[in-house]
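Visitor: Please pick one part of this model and take me through it closely. I would like its setting, its neighbours and its packing in one connected account.

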Amino acid sequence: MSAPADLSQRYEQLNEIGASLSNEQNIGRLLESILLAAKAITRADGGTLYRVSEDRQSLRFEIVRTDSLQLAFGGVSGEPISAQFPDLPLFRPDGAPNINLVAAYCAIHARTVSVADAYTEAGFDFSGTRGFDQVTGYRSQSFLTVPMKNHENEVIGVLQLINAIDPVSGAVCAFSESDRRLAESLASQAAVALTNRLLVGQLERLFESFISLINLAIDEKSPYTGGHCQRVPVLTMMLADAVSATRSGPLADFVMTDKDRYELKIAGLLHDCGKITTPVHIVDKATKLQTIFDRIELLDTRFEIVRRDAETAMLRAVVGGADRAAAERAFGETLQRIAEDRAFLWQVNKGSEAMRPEDQERVRQISRRYRWRNPEGEEVDFLTDDEIENLTVRYGTLTRTERETVNQHIVATNRMLESLPWPAHLRNVPEYAGGHHERVDGRGYPKGLTGEQMSLPARIMAVADIFEALTARDRPYKPGMTLSEALRVLENLSCNGHLDRDVFDVFIARKIHLKYAWQYLDPEQIDLFA
């Protein structure tokens with residue numbers, strides 16, 4: 001093959017390499033591809049890729065390859081960079097540029113350096129190279145060291161190629177001028193690809209930091225929801241990976257790419273962002289009468305007023321000629337009834353168990369049984385209408401109005417997320433995050449979607465959201481359920497049209513509940529081991 005034809009082929013190879021580099025998303029694979037491509041296109045036996053440190057004080061080894069020695073360090077297919085490859089300082093202790101090292105010189109001056117033979121080169125210190133050769137038996141000869149510059153003409157890395165191989169004789173030779181041009185062109189394309197990937201990574205980290213900021217704000221408002229915002233994404237990804245790995249059954253066709261996983265992760269992190277709009281006294285409502293404080297203490301004050309009124313009435317009756325023993329006996333019965341009613345109200349105020357209809361009626365009877373004079377001097381029932389409404393809540397601590405306020409967070413989540421200009425690879429985030437309170441039977445909220453209208457990731461997140469809420473240890477109004485209790489609830493919900501049965505089956509079959517439990521639940525909650 002003639003030299004022009006060979007050069008043309010190598011330029012064509014360079015174009016193909018440049019296109020492939022622009023499509024690589026993984027930084028490790030990208031760096032490895034850059035070095036391997038440079039070695040191939042210049043026919044180099046070895047090579048090293050350095051990246052400039054963040055403080056721009058040193059060059060850090062990223063990839064090291066030497067074919068004849070079968071050395072492979074760094075990258076996705078090599079051993080981790082070990083201590084035998086320390087960073088190369090760009091400056092001496094006195095602050096002067098460290099121009100004796102060829103790679104440092106290249107980075108400092110942003111200039112390509114070609115060395116025909118390191119052993120005879122007088123301009124640079126190759127003592128480290130000679131030491132490496134003595135240990136390995138290698139003979140480092142020709143070097144081509146090329147700076148990698150970004151769009152701001154700033155050096156972000158150095159590409160160093162070692163020992164060009166003559167394609168005819170197989171002997172080590174100096175790098176040619178065409179090798180130099182090809183390497184510089186590749187380094188330029190590689191720097192652009194690397195910079196783009198780094199910028200994308202920085203933007204992703206910035207975006208995730210903003211999400212963490214939102215969750216931190218929710219956490220600062222209420223420690224009871226901040227943990228939920230962190231744990232649900234973890235559990236969602238565990239379950240999604242399990243569904244993706246399933247190769248039989250109705251969910252066998254569901255497969256997630258890295259892009260899909262990242263999209264679902266972001267949705268999980270944002271699934272409750274609307275809670276930032278929920279009043280904290282509702283989010284943290286630990287008892288039925290709690291607002292800014294627990295109003296059960298006001299009832300204690302009223303009971304004391306009722307007791308004193310009863311005592312005053314007893315004394316007046318005795319002074320007025322009534323039978324003292326009978327009056328004291330009636331007063332004692334009143335005190336006993338007050339103590340029982342007070343203990344009853346304290347118990348129902350906890351909201352820790354379902355309230356029976358007869359208990360709800362007893363609350364109303366207590367309100368009518370005792371009368372007291374309020375600060376305005378009016379004689380009124382013992383309980384206000386609002387207190388009766390709260391104390392007769394059948395499940396939990398929230399009234400219907402308060403529950404609607406809490407449920408409004410998902411509407412706020414949808415409104416917040418749908419207002420953002422999502423890029424194509426994240427366009428499903430609002431649907432995934434906003435659908436975890438929907439039900440497969442269409443009776444969920446806020447849109448009343450059926451299972452067929454919901455995406456599978458949204459159905460996966462719904463299971464994760466409920467399981468986390470059932471087992472959470474940090475809720476003010478209830479202890480976390482044990483695994484067996486939580487799974488019974490999930491089983492019922494998957495049978496009555498609330499949750500997706502197929503997703504629940506994978507949850508159980510892949511033992512996601514155990515995997516999650518060992519990381520996040522208290523030991524006493526783990527009452528299942530298989």
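Guide: Arg-459 is found in helix α15. Helices here are DSSP runs of H or I with at least four residues, strands are runs of E with at least two, and both are numbered from the N terminus. This is a predicted model, in which local features need pLDDT of at least 70, side-chain atom pairs count only at pLDDT 80 or more, and totals for chains, interfaces and linings use all residues. Residues are numbered from 1 along each chain as its sequence is written, and side-chain values use heavy atoms, with hydrogens and water left out.

Arg-459 has a relative accessible area of 17%, so it is buried. The scale is this: buried is under 20% relative accessible area, exposed is over 50%, and partly exposed lies in between, with a 1.4 Å probe and protein chains only. Neighbours within four places in sequence aside, Arg-459 is in contact (heavy atoms within 4.5 Å) with Val-440, Gly-451, Met-454, Asp-500 and Val-503.

α15 covers residues 456-471. The axes of α15 and α16 come within 10 Å and cross at roughly 145°. Such axes are lines fitted to C-alpha atoms, for helices over the stretch in contact, and the angle, from 0 to 180 degrees, is taken between N-to-C directions.

From α15, the contact uses Ile-466, Phe-467, Leu-470 and Thr-471. From α16 come Leu-483, Ala-486, Leu-487, Val-489, Leu-490 and Leu-493. By type, this contact has nine nonpolar residues, one polar and no charged. Ala, Val, Leu, Ile, Met, Phe, Trp, Tyr, Cys and Pro count as nonpolar; Asp, Glu, Lys and Arg as charged; the others, Gly among them, as polar.

Next, the core. A nonpolar core is a set of buried Ala, Val, Leu, Ile, Met, Phe, Trp, Tyr and Cys residues joined through side-chain atoms within 4.5 Å. The largest one has 50 residues. Leu-239, Ile-266, Phe-467, Leu-490 and Phe-507 have the most contacts inside this core. Helices supplying at least two residues each include α6 (223-244), α7 (258-270), α16 (483-495) and α17 (501-509). α15 gives the most, with nine residues.

Phe-507 shows how these pieces meet. Sequence neighbours within four places aside, Phe-507 is in contact with Leu-235, Leu-239, Val-463, Phe-467, Leu-487, Leu-490, Ile-512 and His-513. Apart from this core lies another, of 26 residues, including Ile-41 and Ala-164.

Pro-446 is found in the loop between α14 and α15. A cis peptide bond joins Tyr-445 and Pro-446, with omega about 10°. Pro-446 is also one of the contacts of Asn-414. Asn-414 is in helix α13 (residues 400-418). At 7% relative accessibility, Asn-414 counts as buried.
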